[in-house]
Amino acid sequence: MSVHKEVKKVTTHTLQKMKSAGEKIAMLTAYDYSFARIFDESGVDVLLVGDSASNVMAGHDTTVPITLEQMIYHAQCVVRGVNRSLVVVDLPFGSYQSNSDIALASAIRIMKETGGHSIKLEGGEEVAESIRRIVNAGIPVMGHLGLTPQSIYKFGTYSVRAKEEEEAEKLKKDALLLQEAGCFALVLEKIPASLAKEVSASLTIPTIGIGAGNDCDGQVLVMHDMLGINNDFNPRFLRKYLNLHEQIVQAVGNYVQDVRSRDFPNEQEQY
Ligand code: KIV
């Protein structure tokens, strides 16, 4: 008899069932093998290989510069560390906006070359046709509305979106459109909690909020933010579960001191 315990993998259907049962979905970004392994083991339902890699891994000011090849590299690393979580991979800026042929080709590359389970892209009505074609090709798609960082140069700021009636109405229409186009879930970024609540109640697919209040069907955070690796990013919506920046500075400082003082390595730490 096999002692190997089968892990129940998270699928898009699992997320749908979680919404129906009123169970919250926990999503977190990951960009490499080692953290993906830890997060998968910690019970995170969805790992997002976010294009925020452009910021937190590559040091760019925006998500605009990251390329499809770079996203594929990060996704390949994450997938190797995952056993249970559903892996969603962001289509980066420039890999889907031109037309639906290009969008479909980019989504197919992600699926073939990374082993990821689904893709995410930003926008409403303007990307609905691309979403339909990607979903028709058998690729699950997560939508993303509200603050859409790939359009930073259009909006000019990372402030809260859809506070005004007109933008809120468009967001509500877009959310329904993305659901009709076949999205299995929707990220709502930095919008008023009351609007996120209304949108979440109006949809049958789950919503995943970031800075969108407690009534979304799940939550997502960028790993570097919630682990306190960035000590200079402190938006109101962020809860920091660790202060890794401080702890790492302390640990590495101790190591430097031990090397300089010839304390490391000692007799037990050599051959
Ligand atoms: O790229 C990313 O990390 C994201 C999340 C903020 C939702 O899209």
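Predicted model: local features only at pLDDT ≥ 70, side-chain atom pairs only at ≥ 80, totals over all residues.

**Ligand shell.** I looked up the ligand's surroundings and found 13 residues. Gly50, Asp51, Ser52, Asp90 and Lys120 are the closest. By class, the shell holds 5 nonpolar, 4 polar and 4 charged residues.

Next I checked side-chain polar atoms against ligand oxygen atoms. Ser52 places one 2.5 Å from such an oxygen. For Lys120 the distance is 2.9 Å, and for Asp90 it is 3.2 Å. The ligand alone exposes 260 Å², and the protein buries 95% of that.

Which pocket does the ligand take up? I found the ligand in the second largest pocket. I read its volume as about 640 Å³. The lining of this pocket has 29 residues, with Ser52, Asn55, Val222, Asp225 and Phe233 nearest the centre. α3 (53-56) and β6 (185-189) each give at least two lining residues. I sorted the lining into 12 nonpolar, 8 polar and 9 charged residues.

**Largest pocket.** I then turned to the largest pocket, at about 740 Å³. Its lining counts 28 residues, and Gly211, Gln219, Leu221, Phe237 and Arg239 are the closest to the centre. β1 (25-29), α2 (33-41), β7 (207-210) and β8 (218-221) each contribute at least two lining residues. By class I got 18 nonpolar, 7 polar and 3 charged.

How values were computed. Residues numbered from 1 in each chain as written. Heavy atoms only, no water. 1 Å grid on protein atoms, 1.4 Å probe; cavity = no way out; pocket = protein on both sides within 12 Å on 5 of 7 lines; lining within 4 Å. Points joined across faces, edges and corners; volume = space filled by probe spheres on them. Helix = DSSP H or I, 4+ residues; strand = E, 2+ residues; numbered from the N terminus. Nonpolar A, V, L, I, M, F, W, Y, C, P; charged D, E, K, R; others polar. Near = heavy atom within 4 Å. Polar contact = N/O pair within 3.5 Å; in protein donor to acceptor, adjacent residues only side chain to side chain. Areas by Shrake-Rupley, 256 points an atom, 1.4 Å probe, with all protein chains shown as cover. Sits in = over half its atoms within 2 Å of the grid points.
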